[in-house]
Amino acid sequence: MNRNAVAFTAKLIALLCIVSIFFFLAPEYAHYILLLVAAILIVVGAGSLLNYRSQSSWLESKATLVSIEEHEEAVAISQYSRLKYYYPTIEYEYTANGKFYSGNRVSVEKENVWIPEVNAWGDPTPVEERWWLSLKPGDDLPVYINPRNHDQAVLIKGASKARSSHHLALLLGGMLVGLIWLTVVSFKFT
C-alpha cells in the first residue's frame, strides 16, 4: 500500500476523531467546524496559487544536466483500478551571480510534469510526450531561479492546467463552505 495514502488516512482519521469529540462535548459550537474547513481550503488553495504566481518573476538562466531518471507512480483512480504516471527526476547545475549551484527540482509539484500511462480513453500515451527521455547528461536546459534565493530553482515554472484547476477548486470550495457556514449562522441566530 502507498505510504502517502496511509499517512493521509491516519491524519484524516485523527482529525475526524478530534472533530467528533468537539461535536459531542460542545454541540452549540459545532458550526465552527465548517468555518475551520473553509479557512483551511482557502489557505491551501490561495497559498498554492500565490506560490505559482510568485514564480512569474523568477529569472531564466541556463543549467547543465548532470543526471536524469524516470520514475513511475501508481495512483488509485477507483477502488479497483490504478493509473500509472511517469515523471523525471533531474539533477542539474547552474550559476547565479557568479556562484555555482546545483538543483533537482523539475517543478514545484511532480503532478505538473507527470504523464499518464494511458489517456482518458484507455489508449497508451505516446512515448514522445515523455520529453525527458530524449535528454542526456551534459545537455543545456533552461532553468528558472528565484531572485531572492538562488538556491531555489525549477526547470518548469508555473502550474499545469490540471494543477491550476485543482488549486482553484480548493479555493472556490473553501469560499463555498464559508458561505454555507455564514448561511447556517445567520439562520441560527435569527
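Predicted model: local features only at pLDDT ≥ 70, side-chain atom pairs only at ≥ 80, totals over all residues.

Modeller: Residues are numbered from 1 along each chain as its sequence is written, and side-chain values use heavy atoms, with hydrogens and water left out.

Biologist: Okay, how many bridges pair E1 and E2?

Modeller: Strands (E, at least two residues) and helices (H or I, at least four residues) are DSSP runs, numbered from the N terminus. Two strands pair if DSSP finds at least two bridges between them. E1 and E2 form a hairpin with five residues between them, and His71 stands opposite Tyr87 in E2. They run in the antiparallel sense, and the number of bridges is 13.

Biologist: And which residue of E5 does Lys62 stand opposite?

Modeller: Strand E1 covers residues 59-76 and strand E5 covers residues 140-145, and they pair in the antiparallel sense over six bridges. Ser61 stands opposite Val143 in E5. For Lys62, the residue across in E5 is Pro142.

Biologist: What is the bridge partner of Tyr144 in E6?

Modeller: E5 also pairs with strand E6 (residues 153-154), in the antiparallel sense and over two bridges. In E6, the partner of Tyr144 is Val154.

Biologist: Is Asn97 buried or exposed?

Modeller: Buried means under 20% relative accessible area, exposed over 50%, and partly exposed in between, with a 1.4 Å probe and protein chains only. Asn97 has 72% relative accessibility, so it counts as exposed.

Biologist: What about Tyr92, buried or exposed?

Modeller: Tyr92 lies in strand E2. A polar atom of its side chain lies 3.1 Å from the backbone oxygen of Ala153. Its relative accessibility is 0%, so Tyr92 counts as buried.

Biologist: Which side chain makes a polar contact with the side chain of Arg163?

Modeller: A polar contact is a pair of N or O atoms within 3.5 Å; within protein, one must be able to donate a hydrogen and the other to accept it, and residues adjacent in sequence count only if both atoms are side-chain atoms. Arg163 lies in helix H3 (residues 161-188) and counts as buried because its relative accessibility is 15%. At 2.8 Å, the contact is with the side chain of Glu109.

Biologist: How far apart are the end C-alpha atoms of H2?

Modeller: The expected span of a helix is 1.5 Å times one less than its number of residues. H2 (residues 32-54) has 23 residues, so it should span 33 Å. That agrees with the distance between its end C-alpha atoms, 32 Å.

Biologist: Last one: which residues of H2 are buried?

Modeller: Using the accessibility cut-off above, look along H2 for residues under 20%. The buried ones in H2 are Ile33, Ala38, Gly45, Ser48 and Tyr52.
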